[in-house]
Amino acid sequence: MASKQRIKALQAAQHLATVDKNEAAAHMQAQQQRAEAAEQQLQQLRSFHNDYVVAASKLGDARQLQQYYSFLARLEVSIAQQQTMVTTNQLAAEASRDRWAGLYHRSESLDKAVDKARGEHLRVLEKRMDAAD
């Protein structure tokens, strides 16, 4: 039999689970935005690199060519670092999604438990009212 105390305890747990789920959803969204921003920056760096490669192919002066290739080498290091950042952000976003999914399922389970307890409590009250008639 579901008592009012049990229902209140389940509702408190349900509320906390909903708060946790909502916080995890906000965190997941922020992580996803960071991952997308890092990916966009990586694409910009790659585009920039490609533009400089094309420009370097048109240079005839050895000194300018050397400066371009030095710059391209530094740019390639930046691209590698950005790729690492993209991977890190993607992994963090995935972990955040996994955490949210777990909290979502927990919240849904508690919602069902509260509904079930309320239903049981109502059936008990109806039986008492029927017996009193």
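How many helices and strands does the chain have? The chain has two helices and zero strands, where helices (H or I, at least four residues) and strands (E, at least two) are DSSP runs numbered from the N terminus. The radius of gyration, taken over C-alpha atoms, is 29 Å, well over the 14 Å that the globule rule (2.2 Å times the number of residues to the power 0.38) gives for 133 residues, so the chain is more spread out than a compact globule. Along its principal axes, the C-alpha trace spans about 105 × 15 × 15 Å.

This is a predicted model, in which local features need pLDDT of at least 70, side-chain atom pairs count only at pLDDT 80 or more, and totals for chains, interfaces and linings use all residues. Residues are numbered from 1 along each chain as its sequence is written, and side-chain values use heavy atoms, with hydrogens and water left out.

Of the 133 residues, 23% count as buried, that is, under 20% relative accessible area with a 1.4 Å probe and protein chains only. The chain exposes about 9,400 Å², of which carbon and sulfur atoms supply 54%. Among contacts (heavy atoms within 4.5 Å) between residues at least 6 apart in sequence, 86% join residues at least 24 apart.

Q82 lies in helix α2, residues 62-132, and counts as buried because its relative accessibility is 6%. Leaving aside neighbours within four places in sequence, Q82 is in contact with A38, Q41, L42 and L45.

Definitions and conventions: Buried < 20%, exposed > 50% of the residue type's maximum accessible area, 1.4 Å probe, protein only. Areas by Shrake-Rupley, 256 points an atom, 1.4 Å probe, with all protein chains shown as cover.
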